[in-house]
Each structure stands twice: as structure tokens, then as C-alpha cells.
Amino acid sequence: MTPQPVNDAVAVFQRSLRYTLRNPAWVAVGLIQPALYLLFFGPLLLKLSSGPGFDHTNSWSVFVPGLLVQQAMFSCVFVGIGILGERRAGVLDRMRVSPASKTALLAGRVARDVVVLLVQASVLVLGAVAVGLRASLPGVLLAVVLVGVLAAGMSSLSYGLALRMGQEEAYSGVLNAVTLPVLLLSGILLPMSLAPGWLAWMSRANPLTHVVTAERHLFAGDIDSGRVLLGAGLAVLLVLVAGRFGIRAMQETAR
């Protein structure tokens, strides 16, 4: 017999997914966006890869893992705006006075965000294969799983932060100020080996850098690399910490 919290989370997931599918424009943009990255940024990065600091063996295997992490960030970091809209409309309050646990209310939404991200990631990888990506199949599959774990952590953090701040303007302003610098410091586009010492140090202190590095090692087939374990461990830690933060925000804002 399935535990009730799992049933509650599944119900929230199904509702959230139906809401997403009823907005086909968002679904289309989410599916097209990875292809646009390949189309517009791929040729530029391939040309730059002739310079120092780049992996010349297969530039796509360096570029695509970074795009996967970027896609996870952009797909999940702004999902909190949706829950603020539900809160304003009174939908969230009606759900929170139901018997469903606050953990299920968060987990169902996070699961929806991860599923959407995995579809986008699959489109991105298949498009990259079509234009020349050559990578380890087991490594690519594990890389997609890892980016799904990252998406779960970012989604949980987004919901918690949105509920804590309570206003779309403040929430969006904070995310816009933080997200892009963190992404660029992770080396998703340009190798941080080209950076001056102080900037390279900041990059190493950025947890997202280690997730990007783990993704690239997985694409290269280095599944048992210590860098993979470090990146995966940090992604799991993010899920645990952000999940707890999101659940507490859901509980406290219900009072």
C-alpha cells in the first residue's frame, strides 16, 4: 500500500504538470531553448576552441555539459514566481489547509520541474549528437541524472526563497543579480584556466563549478573519477539543504 504522503505528492505533481501542459507556449519555449543554444552559441564556442585552454578532442563534450547545467539553472531558478501567483490567488492556502503534508506540496512541484528539465536536457543532448557530439553513453545518462538532481535542489531553493521574500519584484531582482555571475564563474562557457588567479580561486569556491566539472568527466566516460563524486555529492547536499529550507518556508508561511 502506497503511503499517504507519496499519494499527496503524486497528486500535486499531476496537478502541476497539467497546469504546465495547459500553457503550450511555455512548453514550446522550454523545448526550443536548448536547440537555440546549440545553434547560436555552438559555432562560436567551436571557433574559440582553437585557442589555448580548451579541450580540442571534442569541443561539444565540453560545451554541452555546461549547457545542461545552465539549462537546469534557468529552468528551475524562477519557478518560485509561479507559487507566488498561486499564493496570491488563494490556491496555495487552500492546499495548505488540506490534509496533505507540506513536504508533499513541495515535492510534487519539484518533481514536475525535474521532469520538464529532463525533457529539455534530452532534446539538448539529441540535438548535440546530431551536430557532432561524441560521448560515452553511460556517462551521458549519468550526467542527465546528475543535472536532474541539481534541478531538484535549485527548484526547492527557488520555492523556499520565493515564499520567504513574498514579492516577485524582490525575488526576481535577487535571482537576476546572483544567477548569471554564479553561472559564469562555474566555467560553463569559457574555461576558468584562462582566468587570473583571483578569479580562478573564486571559481573553485563556487559549488556549481564542481558540478560542471563532474558533467564533463561523465561525458568523457570518467565515471569513477573523484571529480564526479565531488560534484554529485555537492548536488545531493544542495537537495537536502534546499529541500529542508523549502519545507520550512512552506510550513512557516502557512501560519
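## Overall make-up

The protein has 11 helices and zero strands, where helices (H or I, at least four residues) and strands (E, at least two) are DSSP runs numbered from the N terminus. From the N terminus on, its elements run α-α-α-α-α-α-α-α-α-α-α. This is a predicted model, in which local features need pLDDT of at least 70, side-chain atom pairs count only at pLDDT 80 or more, and totals for chains, interfaces and linings use all residues. Residues are numbered from 1 along each chain as its sequence is written, and side-chain values use heavy atoms, with hydrogens and water left out.

## Surface and contacts

Of the 255 residues in the protein, 45% are buried; buried means under 20% relative accessible area, exposed over 50%, and partly exposed in between (1.4 Å probe, protein chains only). The accessible surface comes to about 12,700 Å², and 70% of this belongs to carbon and sulfur atoms. Areas come from the Shrake-Rupley method with a 1.4 Å probe; for residues, only the protein chains shown count as cover.

Among contacts in the protein with a separation of 6 or more, 80% are between residues 24 or more positions apart. Contact means heavy atoms within 4.5 Å.

## Helix α3 against α7

Helix α3 (residues 60-76) packs on helix α7 (residues 137-165) at an angle of about 25 degrees, with the axes 9 Å apart. That makes α3 roughly parallel to α7. Axes are lines fitted to C-alpha atoms, for helices over the stretch in contact, and angles run from 0 to 180 degrees between N-to-C directions. Angles under 35 degrees count as roughly parallel, over 145 as roughly antiparallel, 65 to 115 as roughly perpendicular, and the rest as oblique.

L68, V69, A72, M73 and C76 of α3 make the contact with V147, L150, A151, M154, S155 and S158 of α7. These residues divide into nine nonpolar, two polar and no charged. Ala, Val, Leu, Ile, Met, Phe, Trp, Tyr, Cys and Pro count as nonpolar, Asp, Glu, Lys and Arg as charged, and the others, Gly among them, as polar.

## Helix α6 against α7

Helix α6 (residues 102-131) and α7 pack at about 140 degrees, with their axes 8 Å apart; the two are therefore oblique to each other. Residues of α6 in the contact include R109, R112 and D113, and those of α7 include G148, S155 and Y159. By class, this contact has 13 nonpolar, three polar and three charged residues.

## Residue Q33

Q33 lies in helix α2 (residues 24-48). At 26% relative accessibility, Q33 counts as partly exposed. Q33 and L124 are 91 residues apart in sequence and 8.7 Å apart in space, C-alpha to C-alpha.
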